[in-house]
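Biologist: Please go through the labels used for this model one by one. For each, I want the value and the cut-off behind it.

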Amino acid sequence: MSTDDLPTVPTVPLDPAEPYPAAPPLPSERRTSRGTAVALGTVFVGLLIIAVGNLVHLPYAIMSPGPATNVLAAGGGDGGKAQLITISGRTTYPATGALDFTTVRVNGGPGYPVSVWDVLKAWLDGHQEVYPVDALFPPSQSAQDVSAENQAQMTDSQQEATAVALRALGIPVTQVVSVGQVAKDAPSGDALRVGDVITSVGGAKVADSSQIRAQVQKVTPGGVLAVGVVRDGRPVTVDARTGAASGRTVLGVVLAVGFRFPFTVKIDAGDVGGPSAGLMFSLGIYDKLTDGSITGGQKIAGTGTIDASGTVGAIGGIRQKMAGAHEEGAAWFLAPADNCNEVVGHVPDGMQAVKVATFDEAEAAVTRIGRGDTGSLPHC
């Protein structure tokens, strides 16, 4: 074969100072580089979305289950070293079982905004509920206002719970209702002062906070009420303008309920605020002053405000409170009668919700549960 038949081979420079030309990337390598870039871009966009979601705050508040606390046991603000309820100057008796007051956690109030992701997660969680923030907190309230109001309501509930329990045992108490706090934008702010002891509303004498609230509700928001008070030791009548909040007529003040008791009752609930533990406090005090345990060793949870007349009032977040009680192992739950529409269809499996409207009904229910006589207990 002649040399002309051989293929021509290209020459390559052999000068070591001159590099070989780079080989073009293979198609698979080009695909890998492009795929890596797309993956990195996707991760970056995802992280950006997450960051933006955390930074964007929404005008919502989220309710979720909080802890349940046994009022018969140790607890409170000292790390659990002392009893939650302590009584001195009167004979007390050992109490077994549990009477748990229940709580909710609220995120999204003044000073504690929630993010897009917080709201989305709550919407997907069957035990959480999302509300417009204005439905739970007045627009003008600050975080400090909320804290002060919650603590005032807690003090009020403890005093009323003590009064109810003592009266149920035939022990006389005297009630004194005063103005504990005046909101910054209170419609009656130019008439009422902190420390005023309220003696009459709208011309009618009042002896407790429930009577004051009832008299205020008789007036259309914006109307004026004659309020009789004792100020600096002397009686005065002032004209107090009313306003509206959550569909009710209000004066814009927090009532401080005080009583004169023949012995000392102290309740240390730690940093928990609000009025909804009143019912369980009253039952705990009653149990400690009663020979024998009314629970019979059972674990019973519940919620509800209590006023000096012994009426159990509705509360917010009852679904979350039932869920929290269930997580703590309670088989029985005392529910305010006025919350029954929220209870039906939401009682956790293995738990029974008992309807109560007064302290007497709640005490009778606990006693019957303790005895195992539960066949005809009222349910929602």
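Modeller: Ser157 lies in helix α4, residues 143–168; helices (H or I, at least four residues) and strands (E, at least two) are DSSP runs, numbered from the N terminus. This is a predicted model, in which local features need pLDDT of at least 70 and side-chain atom pairs pLDDT 80 or more, while totals for chains, interfaces and linings use all residues. Residues are numbered from 1 along each chain as its sequence is written, and side-chain values use heavy atoms, with hydrogens and water left out.

Biologist: Why is Ser157 called buried?

Modeller: Buried means under 20% relative accessible area, exposed over 50% and partly exposed in between (1.4 Å probe, protein chains only). Ser157 has 2%, so the residue is buried.

Biologist: What does the side chain of Ser157 reach?

Modeller: The backbone oxygen of Met154, at 2.8 Å.

Biologist: Which residues is Ser157 in contact with, leaving aside neighbours within four places in sequence?

Modeller: Contact means heavy atoms within 4.5 Å. On that basis the partners of Ser157 are Gly274, Pro275, Gly278, Phe281 and Ile306.

Biologist: Where does Phe281 belong?

Modeller: In the largest nonpolar core, of 44 residues, where Phe281 is among those that touch the most other members, together with Val71, Leu279, Leu283, Ile285 and Leu334. Such a core is a set of buried Ala, Val, Leu, Ile, Met, Phe, Trp, Tyr and Cys residues joined through side-chain atoms within 4.5 Å. Apart from that core lies another, of 19 residues, including Val177 and Ile198.

Biologist: How many aromatic pairs does the structure hold?

Modeller: Three.

Biologist: What makes the pair of Phe259 and Phe261 stacked?

Modeller: Rings of Phe, Tyr and Trp (its six-membered ring) pair if their centres lie within 6.5 Å; planes under 30 degrees apart count as stacked, over 60 as edge-to-face and the rest as tilted. The centres of Phe259 and Phe261 are 5.6 Å apart and the planes at 20 degrees, so the pair is stacked. Phe259, at 11% relative accessibility, counts as buried, whereas Phe261, at 23%, counts as partly exposed.

Biologist: Why is the pair of Tyr286 and Phe359 called edge-to-face?

Modeller: Tyr286 and Phe359 have 5.6 Å centre to centre and 65 degrees between the planes, and the pair is edge-to-face. Tyr286 lies in helix α6 (residues 278–288) and Phe359 in helix α9 (residues 359–371), so the pair ties together parts 73 residues apart in sequence. Both Tyr286 and Phe359 are buried.

Key
Polar contact = N/O pair within 3.5 Å; in protein donor to acceptor, adjacent residues only side chain to side chain.
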